[in-house]
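Here's a quick tour of a protein model to get you started.

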Amino acid sequence: MITRRTLLGTATAATGTMLFAPRLRAQGQDVLRFASSAGGPRAFDPNMTTQGSDNWAMIQCFEYLVEPPDGDFGKTPDAFEPALATEWTTSDDSRTWVFTLRDGVQFHHGYGEMTGEDVARSFMRAKLDGVSTSSYANIAQAEATGKYEVTVTLTDPDPLFLASTVFSRRVLVISAKAEAERGEAFATEAVGTGPYKLDRYDPEEGMFLSRHEDYWGEPGHIANMEFLYIQDTTARTLALLSGEVDMIEGVRAPGWIPQMQSQMPDLIFDLTVPGSFNTLFFNLTKDPLQNLQVRQAIAHGINKQQIVDALQPLAKMVYTLNPPDYPTGFTEEELPEDLRYEHDPDKAKALLADAGFPNGLTIPVNTSKREDYSTQHLIIQEQLRAIDVNIELNIMDHSAYHASNRENANTLNINSWSLPPVPLFVYSNYAASSANMTPDGTGGANYSHYGVEMEGVDDLLAQMLQATDFDGYVEVGREVELKIQRDLPMLGLPTMSYVVARNPRLDLGYEVTGGDAYWRFNHATFVS
Amino acid sequence: MARYLLYRLLDAIPTVFLVLSFVFVAMRILPGDPALAALGPQTDPAQLALFRERMGLNDPLWLQYLKFLWDAVRFDFGVSFLSNQPVSSLIARNLPHTIYLTLTSVVIGLALGIPFGVYAATRRNRPADSALRLYSLLGYAIPDFYLAAILLIVFALNLGWFPILGAGTGFWDGLHHIILPALTLALLKSAFLGRLTRTSVLEVLGRDYVRTARAKGAREGRVIYRHALRNALLPLSTGIGISILATLSGSVAVELVFNRPGIGRLLIDAISERDYPVIQAGVLMFAFFVIFVNLAMEVVYVLIDPRIRMAS
């Protein structure tokens with residue numbers, strides 16, 4: 001029989017045990033825990049992921065045919081190394097690409113050896129299904145031309161095919177057999193060949209991986225990985241500082257990194273450069289932004305260096321649409337002086353006066369409450385005040401902001417997008433008339449209406465599309481860059497690195513310098 | 001009694017209908033495109049259109065509304081726009097966590113608040129009473145998310161006594177994980193309940209039957225807990241009902257800060273991403289909970305106060 005005294009004694013002992021339980025700081029050496037900032041996972045299939053955070057688990061489990069060295073993009077065709085393909089050839093017209101596959105590559109969960117059929121299916125489903133089919137429209141056909149050979153035929157030449165398509169997540173190689181067997185469940189139970197395999201997908205907690213023991217390459221050093229979702233910044237930060245997780249997605253706001261460093265001085269920050277392009281679109285359908293002098297005045301009113309300084313070490317300077325280290329990007333010295341748009345408030349005021357606005361003007365602008373957007377818009381608002389341009393900012397939630405952009409309701413919207421060093425991709429999405437944003441939501445991301453409201457760069461893009469060699473492609477691309485700079489339908493703002501904070505006990509095995517906003521951990525080890 | 005409960009349940013039907021209608025309209029008025037939110041701003045326009053078609057977002061609003069009502073009556077909330085999971089399974093996985101957190105907080109809040117209140121009432125205008133008033137003031141003033149962060153920093157980060165993340169697995173681990181979130185809500189609730197108990201007890205302490213009990217030589221403890229507190233329970237039970245509902249709404253922020261699964265966290269994510277099916281089902285669950293708590297409180301009134309029982 002339980003007496004009152006026994007009950008109270010047991011309760012006190014249990015409470016005491018809990019209160020003085022060992023601290024949770026030091027996690028084991030066999031689990032790497034990563035916390036992203038989203039609410040929960042949405043998909044695991046590389047052709048279906050729409051939430052950046054999901055890519056972290058996904059990239060540990062799937063592989064490309066070829067890829068650049070870890071931690072960066074491949075900015076030229078010769079920057080790529082073998083992965084699932086051991087070698088590749090291209091035709092003179094850059095339309096036919098043949099890949100020889102690595103033999104003996106095993107899929108996870110006993111789905112057998114990877115063959116040309118799996119690779120062909122991975123390419124074709126990116127073209128036919130999924131969420132980015134238009135990015136793969138240039139693929140005419142992908143077919144297995146041998147057990148270990150795949151031939152991809154393109155409609156138009158693409159000398160940058162490795163960077164534009166092969167090293168893109170929608171064509172990460174999946175098991176065609178598993179896809180057929182698992183049906184709709186494949187979206188959260190996809191099967192790949194990577195160094196880790198998915199053991200559990202939990203819509204609330206996250207994704208749980210373990211080492212793929214039959215991996216063809218060097219096996220992952222850490223046995224298990226957990227990709228957790230911690231939406232609240234405070235909770236995520238505390239989880240890192242307490243040692244409960246090893247890495248967290250950072251916050252792209254002024255002062256976040258120094259604040260974290262003050263809490264934990266030896267914390268490591270991995271930054272991708274350039275990270276996200278930040279592009280300021282002048283909506284050419286809105287008064288008075290049709291006026292080139294007004295656009296030039298705004299460009300001269302914006303002090304990019306001040307933005308870079310405010311967002312150190314995340315922000316990096318750009319002078320044109322593409323950053324300087326991308327194939328068609330310009331350095332300041334390379335750019336004609338009149339197209340540099342250096343910060344010059346007096347010149348900006350003179351341009352406004354010439355345009356008929358001697359007393360300045362007011363422009364209503366919508367912005368997102370997300371830190372990276374609102375910070376830039378707020379800085380620009382303050383800078384333009386000095387040239388008598390009054391920006392009436394309407395700060396809204398992120399979904400509403402993008403909806404307002406798509407409905408043609410915004411005037412000077414900023415779009416942030418982590419873009420690869422594939423210039424045609426950037427121009428096609430931002431500057432081509434075919435990407436013109438339409439208020440009914442059927443258009444693309446050309447928020448300026450460039451090429452529709454004024455003559456654009458469609459002719460040059462058509463030339464780029466037919467270029468069969470990299471140098472020719474880049475040459476035309478730089479012309480596009482200059483024309484955009486001259487017409488000024490959009491203005492490149494400083495890029496913003498994607499940031500991950502890492503516990504110093506975790507060594508990634510390589511340095512992150514650029515690349516996509518997700519990277520692999522198979523070389524990672526815990527150090528004392 | 002059964003007839004009384006049945007009438008009260010029937011009364012709840014228009015409330016549920018109004019909640020359903022309100023949440024449907026509110027979601028459609030809010031700016032934001034669910035397709036864009038679910039698939040991302042960089043998604044192909046064709047895929048966005050396909051998504052809208054598949055999710056019935058292109059249907060006329062009246063048709064969407066009727067479908068929604070018909071599905072709600074059958075407790076079929078469709079699939080989440082974001083995760084493509086059935087909403088009913090998302091609710092089923094998250095609701096128990098929210099109920100567990102709410103109940104634990106209420107139990108701790110009652111266990112702290114009522115003795116505090118009684119103690120302060122019996123020591124009116126003495127230091128204990130002043131301390132309770134200060135505690136109540138702080139409890140009213142401190143936001144739950146702020147207290148949650150303070151407790152996390154002190155007890156989880158600096159002292160390392162409690163975990164920071166999640167809900168844990170198994171009974172003991174779950175208990176270990178729920179202490180800080182439950183304490184966050186309970187401390188705030190106990191401030192409210194303590195103040196309410198103090199006022200209610202003070203009111204009855206001057207009554208004739210209390211004086212009579214003392215005159216008859218009853219021990220002070222018996223006078224307080226048997227005679228005074230029992231009669232102070234009616235206003236207190238109203239306060240407990242309000243407290244339970246406030247705890248439920250407070251769980252939204254606490255689930256987020258402690259990264260616990262639950263309806264609150266699910267709703268926050270769904271609202272920011274315009275996941276209509278999840279929002280609709282989540283709000284409906286909250287509405288049911290409010291109706292249930294109100295009903296339970298009315299039953300409690302009936303049980304506590306014979307006058308209401310007679311009237312009903």
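The notes below go through a sheet, a core and a helix. Keep in mind that this is a predicted model.

**The sheet in chain A**

- Let's start with 4 strands of chain A, which form an open sheet in the order β4-β5-β7-β6, with antiparallel pairing.
- β4 (85-90) and β6 (139-146) of chain A sit at the edges with a single partner strand each, so one side of each has no neighbour in the sheet.
- Going from one strand to the next, the twist averages 20°.
- Zoom in on β4(A) and you'll see it pair with β5 (residues 96-101) of chain A over 5 bridges, in the antiparallel sense.
- In that part of the sheet, Glu87(A) stands opposite Thr100(A) of β5(A).
- Helix α3 (residues 116-128) of chain A packs on the sheet and touches β5, β6 and β7 (149-154) of chain A.
- The direction of α3 makes about 170° with that of β6(A).

**The largest nonpolar core**

- This core has 215 residues, and those touching the most other members are Leu65(A), Val66(A), Leu84(A), Ala239(A), Tyr427(A) and Leu152(B).
- Helix α8 (residues 171-205) of chain B gives the most to the core, with 15 residues.
- Ala239(A) touches residues of both letters, including Ile230(A) and Val245(A) as well as Ile164(B) and Leu165(B).

**Helix α12 in chain A**

- Helix α12 (residues 371-385) of chain A has 15 residues and reaches 21 Å from its first C-alpha to its last, close to the 21 Å expected.
- Its buried residues include Asp372(A), Tyr373(A), His377(A), Ile380(A) and Leu384(A).

Notes:
Residues numbered from 1 in each chain as written. Chains lettered and ligands numbered in written order. Predicted model: local features only at pLDDT ≥ 70, side-chain atom pairs only at ≥ 80, totals over all residues. Pairing = 2+ DSSP bridges. Helix = DSSP H or I, 4+ residues; strand = E, 2+ residues; numbered from the N terminus. Axes fitted to C-alpha atoms, helices over the stretch in contact; angles between N-to-C directions. Contact = placed C-beta atoms within 7 Å. Core = buried A, V, L, I, M, F, W, Y, C linked by C-beta atoms within 7 Å. Buried ≥ 20, exposed ≤ 12 C-beta atoms within 10 Å, placed from the backbone. Expected span 1.5 Å × (residues − 1). Lists of a residue's contacts leave out its neighbours within four places in sequence.
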